[in-house]
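Please consult the sequence and the structure while reading.

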Amino acid sequence: MVYLCLFFLGAIVSATVLAVCYLGISHLLRVQRCRVVSWDTRLRAESARLAESRKATTALTEKLERDRLTLNGDIAAFAARNIQYDSLVEENNGLKQDCFNLTIHLKKMDLDQAALAQRQRENSKKANEIAQRYLKETVSWIGDRLNANNFSSCKQRLLNVIDACRSIGFCVSEEEQSAMLEVLQKDFEQAVRNEFARQEQARIKSQIREEESLAREIDKQLKDAQRERAAIAAALEKALKETKDEHSAEVELLRTKLKEAEERAERAISQAQLTRAGHVYVLSNIGSFGEGMFKVGMTRRLDPYERVNELSSASVPFPYDVHMMISCDDAPSLENALHKELHKRRVNKINLRKEFFRVDLDEIRNIVESRHGTVDYHAEPEAFQYRESIDMPDEDFEFIERTAEAVAGNVDSAVPDED
């Protein structure tokens with residue numbers, strides 16, 4: 001019993017001890033499990049950290065590899081640029097030789113430059129002498145050929161020669177240029193005076209010839225008028241004897257003719273006494289010169305249209321049209337007044353003897369009326385041949401040409417050949 005109790009007591013104690021041990025071991029296991037979980041968490045964190053470190057290490061390794069390759073390339077490049085001492089010595093010797101050769105070449109160039117400068121000075125001296133002679137001869141040549149109509153061209157030629165001399169280094173000062181131009185102007189003034197004197201002499205001779213021609217024409221007309229008057233007077237006297245002093249139509253007609261003949265004779269005598277009398281004419285030729293251009297001149301001929309016909313000769317393609325034909329006692333004064341008023345409208349500004357003006361016809365008419373009084377004029381030119389030539393069809397022109405050639409052929413065939 002006792003043993004049984006002890007057995008049971010021992011069993012209880014053992015169970016208790018086992019329970020205590022079990023509880024202790026369970027506690028220890030739970031604590032250990034917590035530690036294992038903590039260690040596992042730490043291990044996972046450390047693994048993640050190690051993975052990041054491994055990535056960083058891999059990147060750093062790759063960068064270091066790239067840097068290694070770059071460094072190897074730099075080392076190779078540096079090694080390629082590295083020059084051996086013997087090469088430096090050889091290159092230095094070559095440079096010394098080049099410097100020596102360059103020094104010799106520079107000395108030779110200095111000598112050549114000195115010689116070239118000397119030749120340049122000699123050439124400049126010769127060029128200046130030639131330019132001076134050329135300028136002098138040109139001035140003399142221009143002076144010999146200067147006339148009243150070429151001042152502008154001579155002046156321009158002189159300026160061109162001066163510019164050419166300056167372009168080669170020959171110095172022509174502004175004072176020398178002004179002096180040469182002043183001499184040219186004085187020579188031109190003298191040439192104008194000489195030309196004016198020559199033209200005045202020619203005008204006087206022409207006037208004398210014209211007056212002599214006019215006198216012969218007047219004398220001829222006077223003689224014709226006297227013969228006509230004598231013939232009419234004889235016929236009148238004969239008619240009066242036949243009609244026994246009776247008035248008849250024939251007698252009246254003869255008396256009228258006699259009166260007209262006497263008037264013509266008186267006019268011829270009056271015209272002979274008025275040496276400055278004549279006609280001032282205003283002409284145009286639009287077919288030859290275009291519109292707006294007029295010729296203003298004068299003539300002392302009894303029939304002024306003879307002068308118009310002379311001007312309309314073969315020298316112009318179309319005849320002149322008369323806008324005004326002014327009969328006056330002092331034709332030269334009226335012509336001179338018109339030329340002075342229209343001076344700035346001259347077409348030829350060099351030769352003032354030319355009588356062509358680009359002006360409006362009403363302006364000419366106003367000047368004439370202010371000097372002479374009211375005049376009759378034709379505002380529009382007829383220009384018959386010019387207008388007909390423009391409007392003529394080709395077939396008409398060909399017909400005229402064929403007709404002219406046929407007539408010329410007939411005339412040539414009718415003229416006997418000269419021996």
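This is a predicted model: local features need pLDDT of at least 70, side-chain atom pairs count only at pLDDT 80 or more; totals for chains, interfaces and linings use all residues.

**Salt bridges, helix packing and a buried helix**

Arg307 has a relative accessible area of 27% and is therefore partly exposed. Across the whole structure, a search finds 13 salt bridges.

- Arg307 takes part in a salt bridge with Glu310, and the closest N and O atoms of the two are 3.3 Å apart.
- Both Glu310 and Arg307 belong to helix α7 (residues 305-311), where they are three residues apart, about one turn of the helix.
- Glu310 has a relative accessibility of 39% and counts as partly exposed, as does Arg307 at 27%.

**Salt bridge between distant parts of the chain**

- Arg345 and Glu363 form a salt bridge in which the closest N and O atoms are 3.0 Å apart.
- This pair links distant parts of the chain, since Arg345 is in the loop between α8 and β4 and Glu363 is in helix α9, 18 residues apart.
- Arg345 counts as partly exposed at 35% relative accessibility, and Glu363 is partly exposed with a relative accessible area of 26%.

**Other salt bridges**

- The side chains of Arg166 and Glu174 meet in a salt bridge, with an N to O distance of 3.7 Å.
- Arg166 counts as partly exposed, at 29% relative accessibility.
- A network of salt bridges links Asp362, Arg365 and Glu369.

**Packing of helices α2 and α3**

- Two packed helices are described by the distance between their axes and the angle between those axes.
- The axes of helix α2 (residues 85-145) and helix α3 (residues 151-167) come within 10 Å and cross at roughly 180°.
- Angles over 145 degrees count as roughly antiparallel, and α2 and α3 are therefore roughly antiparallel to each other.
- On the α2 side, the residues that meet α3 include Ala131, Tyr134, Leu135 and Trp141; on the α3 side, Cys154, Arg157, Leu158 and Val161 are among those that meet α2.
- The residues of the contact of α2 with α3 comprise eleven nonpolar, one polar and one charged.

**Buried residues of helix α8**

- In helix α8 (residues 331-341), the buried residues are Ala331, Pro332, Leu334, Glu335, Ala337, Leu338 and His339.
- The elements covering the buried residues of α8 include β1 (278-284), β2 (293-299), β3 (321-328), β4 (356-358) and α9 (361-371).

Methods: Residues are numbered from 1 along each chain as its sequence is written. Side-chain values use heavy atoms; hydrogens and water are left out. Axes are lines fitted to C-alpha atoms, for helices over the stretch in contact, and angles run from 0 to 180 degrees between N-to-C directions. Helices (H or I, at least four residues) and strands (E, at least two) are DSSP runs, numbered from the N terminus. Angles under 35 degrees count as roughly parallel, over 145 as roughly antiparallel, 65 to 115 as roughly perpendicular and the rest as oblique. Contact means heavy atoms within 4.5 Å. Ala, Val, Leu, Ile, Met, Phe, Trp, Tyr, Cys and Pro count as nonpolar, Asp, Glu, Lys and Arg as charged, and the others, Gly among them, as polar. Buried means under 20% relative accessible area, exposed over 50%, partly exposed in between (1.4 Å probe, protein chains only). A salt bridge is a side-chain nitrogen of Lys or Arg within 4 Å of a carboxyl oxygen of Asp or Glu.
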